[in-house]
Protein chains: 2
Amino acid sequence: MTTTYGQFCPVAMASEVLTERWTPLVVRELLCGSTRFNDLRRGVPLMSPALLSKRLKTLERVGVVDHVGSEYHLTEAGRELWPVIESMGIWGQRWARGDVIAKHFDASLLMWDIHRNVDTAALPDRRVVVHFHLRGSSDGKSHFWLVLEPSAVDLCLTDPGHDVDVEVAGHVETMIDYWMGRRDLLGAVKAGDLAIAGPRLLVRELPTWFTRSPFAPVPLPVGA
Amino acid sequence: MTTTYGQFCPVAMASEVLTERWTPLVVRELLCGSTRFNDLRRGVPLMSPALLSKRLKTLERVGVVDHVGSEYHLTEAGRELWPVIESMGIWGQRWARGDVIAKHFDASLLMWDIHRNVDTAALPDRRVVVHFHLRGSSDGKSHFWLVLEPSAVDLCLTDPGHDVDVEVAGHVETMIDYWMGRRDLLGAVKAGDLAIAGPRLLVRELPTWFTRSPFAPVPLPVGA
DNA sequence: CGGGATCCTTGACGATACTG
DNA sequence: CAGTATCGTCAAGGATCCCG
């Protein structure tokens with residue numbers, strides 16, 4: 001992106017900032033609340049650290065990101081990119097087709113997404129531990145523990161040692177389909193594609209605290 | 001853009017389509033109603049025809065554009081990109097800063113934009129010809145004629161021979177500032193930066209048929 | 001943890017010319 | 001008018017290692 005579009009149109013100006021590889025995803029991560037370099041990395045695992053660093057510098061230069069200490073925060077201009085990212089997500093949810101849909105099913109990325117969307121307010125006022133066993137991840141990882149405390153949510157890749165309250169097992173793709181709103185939980189369990197075990201109440205209430213993607217409710221095009 | 005982001009997030013999927021150099025501007029042109037290759041070119045004059053052709057093929061492949069005969073039309077998926085382009089434009093209008101604002105002032109591009117936004121319904125029911133004399137264009141062009149008929153608007157780079165009804169003269173940058181909503185017409189005329197001559201009624205009603213950029217009404221950030 | 005430095009490849013893009 | 005063809009350059013970005 002060495003030359004500019006040479007246009008006065010504001011769409012062109014926004015394009016100068018956003019239409020660069022990875023940039024919308026970095027902004028998405030920042031909008032989701034990540035502030036540390038390595039947290040940001042987890043949201044874009046296929047991006048090299050050098051490139052992420054470069055993008056963050058660019059975003060800082062154009063006034064979207066504020067870098068203090070080792071934290072990255074969106075400026076007001078950055079926060080106002082939310083409608084752009086949101087409309088992109090809505091469009092993607094409705095219209096992305098086979099040839100742009102990732103063939104990758106990365107369980108770590110999924111769990112990272114899930115962990116920051118857990119609604120702890122809907123959970124009992126004590127620690128709840130959920131163990132996930134996901135098959136078929138492109139990154140080889142298959143075991144994850146969510147340690148849910150009223151004040152914090154932790155994602156572990158190794159057994160944290162606590163007693164496990166709920167066990168969730170299935171194929172990564174099934175979980176992604178649920179997460180994205182393309183499949184409902186009960187159906188997946190009944191079809192035998194997903195196994196959920198644990199205290200009756202906790203399991204029944206699971207959909208209230210284990211939320212789905214923000215784009216899951218987006219209606220699909222009619223006739224699709 | 002040879003590899004994919006490898007993510008299931010719909011923002012990533014939309015990025016695969018949109019986050020490629022020039023693509024948002026091509027989509028903007030299509031949303032503005034251009035359907036012919038050479039009309040599209042006029043909206044992105046700095047883009048090589050080879051690259052435009054390539055982008056259109058890509059957009060066709062991902063289901064955004066429909067190519068029949070020698071016309072390009074947006075599909076339903078393409079038309080639904082409007083919220084994305086709109087929110088980009090709003091952001092650009094509010095937050096684009098010096099280092100991404102084009103230093104280029106291309107009068108041909110401006111006039112091309114203006115010509116397709118004239119509101120002929122607000123004009124008298126006869127032909128009206130406006131001659132523009134714009135100084136300082138980066139492309140060297142300075143004379144333009146808008147031939148406004150109730151049924152069609154034509155932009156000419158050479159004198160079409162008709163009697164001229166209104167004369168508009170000034171610097172391209174002044175016109176762009178007006179077009180973008182950064183400056184009002186009366187002020188520019190009073191400051192001597194713009195000269196408008198013609199029948200009193202036509203000139204007085206000029207702002208009703210000579211509309212501004214769709215992003216002109218966007219409010220700027222407070223304190224800016 | 002939070003990056004920087006280096007090397008190296010590839011393909012994206014600009015320029016120019018040309019064709020049905 | 002509606003693109004293709006060819007070519008050369010440059011820089012984006014992947015890989016790898018390293019450092020404070």
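Some conventions to begin with. Residues are numbered from 1 along each chain as its sequence is written, and chains are lettered from A and ligands numbered from 1 in the order in which they are written. The model being predicted, local features need pLDDT of at least 70 and side-chain atom pairs count only at pLDDT 80 or more, while totals for chains, interfaces and linings use all residues; side-chain values use heavy atoms, with hydrogens and water left out.

I start with DNA strand C.

Helices here are DSSP runs of H or I, at least four residues, and strands are runs of E, at least two, numbered from the N terminus.

Which side chains reach phosphate oxygens of DNA strand C? Lys57(A) places a side-chain N or O atom 2.7 Å from one, and for Arg55(B) the distance is 2.6 Å. Lys54(B) has a polar side-chain atom 3.4 Å from a phosphate oxygen.

Next, Asp113(B), in helix H7 (residues 107-115) of chain B. Is this residue buried or exposed? Asp113(B) counts as buried because its relative accessibility is 13%; buried means under 20%, exposed over 50% and partly exposed in between, with a 1.4 Å probe and protein chains only. Leaving aside neighbours within four places in sequence, Asp113(B) is in contact (heavy atoms within 4.5 Å) with Phe8(A) and Trp179(B).

Thr158(A) sits in the loop between strand S5 (153-156) and strand S6 (166-171) of chain A. With 58% relative accessibility, Thr158(A) counts as exposed. Val130(A) is 28 residues from Thr158(A) in sequence and 12 Å from it in space, C-alpha to C-alpha.

Last, the domains of chain A. An automatic or database assignment sets the bounds, giving domain 1 (10-95) and domain 2 (102-209). Their C-alpha centres lie 27 Å apart. Nine residues of domain 1 are in contact with seven of domain 2. The two domains bury about 710 Å² between them, 50% of it on carbon and sulfur atoms; that is accessible area (1.4 Å probe) lost on putting the two parts together, summed over both.

Note on methods. A polar contact is a pair of N or O atoms within 3.5 Å; within protein, one must be able to donate a hydrogen and the other to accept it, and residues adjacent in sequence count only if both atoms are side-chain atoms.
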